[in-house]
Amino acid sequence: MNLELYLDHIKDNGYRCTPQRSNILSYFIGQKNRFVTAKSVTDHLRNTMGYVSFDTVYRNLYLFKDIGIMDLTSQGGENLFHLKNEINTHEHKFICTECGNTTELNLCPMEIMDTSLNDYLIYDHKFEVYGFCPSCL
Ligand SMILES: [Zn+2]
Ligand SMILES: [Zn+2]
């Protein structure tokens with residue numbers, strides 16, 4: 001995970017690389033493959049840069065999602081965010097519900113779907129596997 005690549009991608013999409021955005025990305029890179037809450041991102045920013053509103057953090061996280069570098073899932077009614085290992089890739093993941101660690105699955109179930117949706121236009125899909133990772137077992 002190279003911070004510069006993500007920053008370049010933000011610029012390529014016409015957005016500015018503010019110190020805050022760069023700090024959010026560094027935080028995610030430090031988390032390796034973990035899913036984290038918007039609150040923990042906000043806490044990190046407040047600890048390192050001073051006050052920032054929850055709204056601003058949320059807006060940036062959703063901006064990252066829109067430009068294809070962030071994944072979003074929800075657990076127990078809470079939104080969790082994860083920085084994609086590669087920009088704009090199509091990923092499905094195993095998610096450890098204990099520590100938030102993720103492992104990429106090397107498959108997309110859409111590839112083995114039967115033809116029952118032949119006459120439909122599919123524009124999105126979601127597939128996630130939950131459980132405990134080896135270190136949490
Ligand atoms: Zn775990
Ligand atoms: Zn897929």
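Visitor: Which domains is the protein divided into?
Guide: Domain 1 covers 3–83 and domain 2 covers 92–131. The bounds come from an automatic or database domain assignment. This is a predicted model, in which local features need pLDDT of at least 70, side-chain atom pairs count only at pLDDT 80 or more, and totals for chains, interfaces and linings use all residues. Residues are numbered from 1 along each chain as its sequence is written, while chains are lettered from A and ligands numbered from 1 in the order in which they are written.

Visitor: How many residues of domain 1 are in contact with domain 2?
Guide: 8 residues of domain 1 are in contact with 6 residues of domain 2. Contact here means that C-beta atoms, placed from the backbone, lie within 7 Å. On the domain 1 side, strand 2 (70–75) and strand 3 (78–83) each give two or more residues. By class, that side has 3 nonpolar, 4 polar and 1 charged residues. Nonpolar means Ala, Val, Leu, Ile, Met, Phe, Trp, Tyr, Cys and Pro; charged means Asp, Glu, Lys and Arg; the others, Gly among them, are polar. The C-alpha centres of the two domains lie 23 Å apart.

Visitor: How many helices and strands does the protein have?
Guide: There are 4 helices and 6 strands. The order from the N terminus is α-α-β-α-α-β-β-β-β-β.

Visitor: Why is C96 called buried?
Guide: A residue is buried if 20 or more other C-beta atoms lie within 10 Å of its own, exposed if 12 or fewer, and partly exposed in between, with C-beta atoms placed from the backbone. C96 has 21 within 10 Å, so C96 is buried. The residue is found in strand 4. Leaving out residues up to four places away in sequence, C96 touches N101, G131, F132, C133 and C136. C96 and F132 are 36 residues apart in sequence, yet 4.7 Å apart in space, C-alpha to C-alpha.

Visitor: How do you know which residues form the largest nonpolar core?
Guide: A nonpolar core is a set of buried Ala, Val, Leu, Ile, Met, Phe, Trp, Tyr and Cys residues joined through C-beta atoms within 7 Å. The largest such set has 17 residues; I24, L25, V41, L61, I69, M70 and L83 have the most contacts inside it. Elements giving two or more residues to this core include helix 1 (3–12), helix 2 (19–30) and strand 4 (92–96). Setting aside neighbours within four places in sequence, L25 is in contact with L3, Y6 and L83.

Visitor: Why do the buried residues of helix 4 line one face?
Guide: In helix 4, V57, N60, L61 and F64 are buried. Seen down the helix 4 axis, the buried residues fall within an arc of 100 degrees, taken from the directions from axis to C-beta atoms, so they line one face. The face turned away carries the exposed residues D55, R59 and D66. Cover for the buried residues includes helix 2, helix 3, strand 2 and strand 3.

Visitor: How do you know what span is expected of helix 4?
Guide: The expected span is 1.5 Å times one less than the number of residues. Helix 4 has 13 residues and reaches 18 Å from first C-alpha to last, close to the 18 Å expected. After helix 4 comes G68, with a positive phi near 85 degrees.

How values were computed:
Two residues are in contact if their C-beta atoms, placed from the backbone, lie within 7 Å.
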